[in-house]
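Dear colleague,

Please find below the structure I promised to pass on to you. My notes on what was found in it follow.

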Amino acid sequence: MNHFASEHVVQETAIRIRVRGTVQGVGFRPAVWRLATDLDLRGWVANDGAGVSIVICGPEQAVEQFFMTLKLNPPRLARISEMVREPAALVTHGTGFRIMPSRHGKVDTGVAADAATCPDCLREVLDPFARRYRYPFTNCTQCGPRLSIVESIPYDRAATTMRGFAMCGDCAAEYQDAADRRFHAQPIACHSCGPHVWLERSDGAPIAIDSLTTLDAADAVATLIKRGHIVAIKGLGGFQFACDATNEAAVARLRRDKRRRRKPLALMLRDIGVVQRYAQPSAAELELLQSVQAPIVLLAAGGPAKVAASVAPGLNTLGCMLPNTPLHHLMMRRLDVPIVLTSGNLSDEPQCIDNDQARERLHGIAEYFLMHDRPIARRVDDSVVRVMAGQPRLLRRARGYAPAPLALPPGFADAPAVLAMGAELKNSFCLLRDAQAVMSHHMGDLADARTQADYRRNVQQYLELFEHQPKVVALDAHPEYLSSKYGLELARENGLPVESIQHHHAHIAACMAENGVAIDAAPVLGIVLDGLGLGGDGSLWGGEFMRADYCEHARLGTFKPVALLGGEQAVHEPWRNTYAHILAQMGWNRFAMNYGELDLFRFLAAKPRSLLDGMLARQVNSPLASSCGRLFDAAAAAAGICRERVHYEAQAAIEFEALADPATLADEGEESAYPFAIPVHKTLGIPYIEPLAMWQALLGDLLLGTPVGVISARFHKGLADVIARMADKLARGQAQGPDIDTVALAGGVFQNRLLFERVSQLLTERGYRVLTPREVPAHDGGLALGQAAIAAARAYARAAAN
């Protein structure tokens, strides 16, 4: 028997870990270093074009603990899409764990979105004894600029707009200290070495700063705003106009000079306490306001205090956000009222991002400029979110969200790389590769020449930033979309095939992809309600029920096609849609006989009816459109909402929704909802939503003097009911194929909370699985994701067939 205990031998192992996703610029390498050091492991970590590469060596149990801890508890800004391991050679003892220099290679990693100031940095900024007291560019690995400053990857300081600011000794020490939260924080800076802020008058006259503040330029802005001035502030992703949101004269002046007549203006408020004085946020909305994304959140207006009437005319919601950079926090410290904080541009133009450009274009609006000298790599607007059916849903995907990649469903890993060009309005584009989709930040409406130039520049920047080499270009089938024209131009220049995609099919595919529907899944019933899109038959569609998978689609039902009198003019003048619907439903003589007492009759009678009737008779500039958006315009105008003209997209529908009477929605029986029929269209041969009975009920209510809020509520209830009935009619018991159990809701009309929530509820109660947009907008801002998914799926199917 051996009486001597044998020495315990620890079994060591080594693994190589590949981490993909948004893992650069988010403190990932320092977190890996700290975890490995705590577990006494050896190896190294490095950024490269594919993400983060790690070699870890030590006792088997500790290596396993390292892997699982990192996977389950990554840094708060990181988004891991893939984390795989393989055996590696043992690392020599005594070498410790090191952070290696970044290595270049094929780019396969995400660029992080800009992140709101973290609590630790904010405490420093507000601490009179801290080195960065009142420094407006304070940041760390858990907050600060990312997309707005990065120009290439791997994400290092030399690849950002901070490369011109050499670190001082103190910042360099923090940057190199793995125990510091600024370890390898690329935008690190301080008063001594970083960008600085100054105040200018727009007329170039000198400023007596001492008359405005005893602190600094950021604090001086608070004084100027309190005195009723308009200030242009260089923010994170562009210039912003600011003024006192409780000062009607200042807000009205900003609207006039910015040429933004009615579209609601966003607000910034100092803290949650101020928010609750002006709005009624839910718990979910409070969480969104304080999130790392810090978006604009649409909140129910209400509270003991009121903003100026010109902030959001005709609406019952306010778009609110909290300060998201140290500069905003410092500016807001002495302001206990909301400020308007809206994009620094003339209406419909892109935001200014360059100091000289801002001086040239904004001097007629702003009286003062709060400038700084950190260049902005690209314009990034504020994101907008609305909580509907209990979930946050993006209405504009930009700061804080873009360009975080979206993981695609099973089957897309083997699809070719795609560049999807997006739509004409609310444009964003999409890069698809390796089972991920990178949606660009919000671009805007491409009809504006500056926005179109910005769009083209950003497409090229994203292709270079991600070293994306598309094998196919996906675009909307509308030949006149500027995005489609640019896509054709790129395809010709690079010898690439083009995938032309029907507008509403792309909407459905975007909803499917976001909700994880596999590439070879059974078809869904897509319900797409929007303004206008080119249909598969060459006509204009906008209220469609389609059986669709990623490769194919079939139109099963629609809204009644009604003429757009004056073509594009009908989008801007809602009364044209009211008149067209009245002619289509009952004709003028019947309308005059039954409803001649109405103010609506007198209004329409004064219009150039003979000209309009001639256009209809000759089918000149009056194309038919099955548009749910135009039906909303027609009903709203009939009720007296934006009858003559709208000043921004969907204004009539948005104000009509805002007026809906809560008691009618909650308590009035379904029998009072306006009725719609579902006959079969004689020409199209498919069921359609016939609004004749709805019009009779609505016009009858006008005769009775029924309040507009009740009319709106009855319209919303009736429309939701007929949509659900149409879904039932098309999804079950059809000869074309098996029953469909999944319904996808898409299109900009579903940003209407009342309609969206009622349709979702009715379909869920009928036993359907309901897919809805959340991370990408329901409107055309999400279209590129669907285009990319369809193009990839079709290419995958063709390859499989061969």
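A residue is called buried here when its relative accessible area is under 20%. By that criterion, 60% of the 802 residues of the chain are buried. Please bear in mind that this is a predicted model.

Overall architecture

The chain contains 25 helices and 29 strands. Its radius of gyration is 29 Å, close to the 28 Å given by the globule rule for 802 residues, so the chain is as compact as a globular protein of that length. The C-alpha trace spans about 105 × 75 × 55 Å along its principal axes. Among contacts with a separation of 6 or more, 74% are made by residues 24 or more positions apart. The accessible surface amounts to about 30700 Å², and carbon and sulfur atoms contribute 51% of that area. As for charge, there are 83 positive and 86 negative side chains, and the centres of these two sets are 2 Å apart.

In soluble globular proteins, nonpolar side chains tend to be buried together. The largest nonpolar core in this model has 68 residues, of which Ile527, Phe591, Phe715, Leu719 and Ile723 touch the most other members. Helix 23 (residues 708–731) supplies the largest share of this core, with 11 residues. Setting aside residues up to four places away in sequence, Leu719 touches Phe559, Cys628, Leu631, Phe632, Phe676 and Leu755. A second, separate core comprises 60 residues, including Leu199, Met331, Met443 and Val473.

Met726 also lies in helix 23. Met726 counts as buried because its relative accessibility is 0%, the cut-off being under 20%. Beyond its neighbours within four places in sequence, Met726 contacts Phe545, Thr558, Ile678, Pro687, Tyr688 and Ile689. Although Met726 and Ile527 are 199 residues apart along the chain, their C-alpha atoms are separated by 9.8 Å.

Backbone points to inspect

Most residues other than glycine have a negative phi, and most peptide bonds are trans. The following sites depart from that pattern.

- Ala402 and Pro403 are joined by a cis peptide bond, with omega about 5°; Pro403 sits in the loop between strand 15 (391–396) and strand 16 (406–407).
- His184 has a positive phi, near 60°, and is located in the loop between helix 4 (169–176) and strand 6 (197–201).
- Ala435 has a positive phi, near 65°, and belongs to the loop between strand 18 (430–433) and strand 19 (436–439). With a relative accessibility of 18%, Ala435 counts as buried.

With kind regards

Notes: Residues numbered from 1 in each chain as written. Predicted model: local features only at pLDDT ≥ 70, side-chain atom pairs only at ≥ 80, totals over all residues. Heavy atoms only, no water. Helix = DSSP H or I, 4+ residues; strand = E, 2+ residues; numbered from the N terminus. Rg over C-alpha atoms; globule rule 2.2 N^0.38 Å. Buried < 20%, exposed > 50% of the residue type's maximum accessible area, 1.4 Å probe, protein only. Contact = heavy atoms within 4.5 Å. Areas by Shrake-Rupley, 256 points an atom, 1.4 Å probe, with all protein chains shown as cover. Lys, Arg positive; Asp, Glu negative; His and termini not counted. Charge placed at Lys NZ, Arg CZ, Asp CG, Glu CD. Core = buried A, V, L, I, M, F, W, Y, C linked by side-chain atoms within 4.5 Å.
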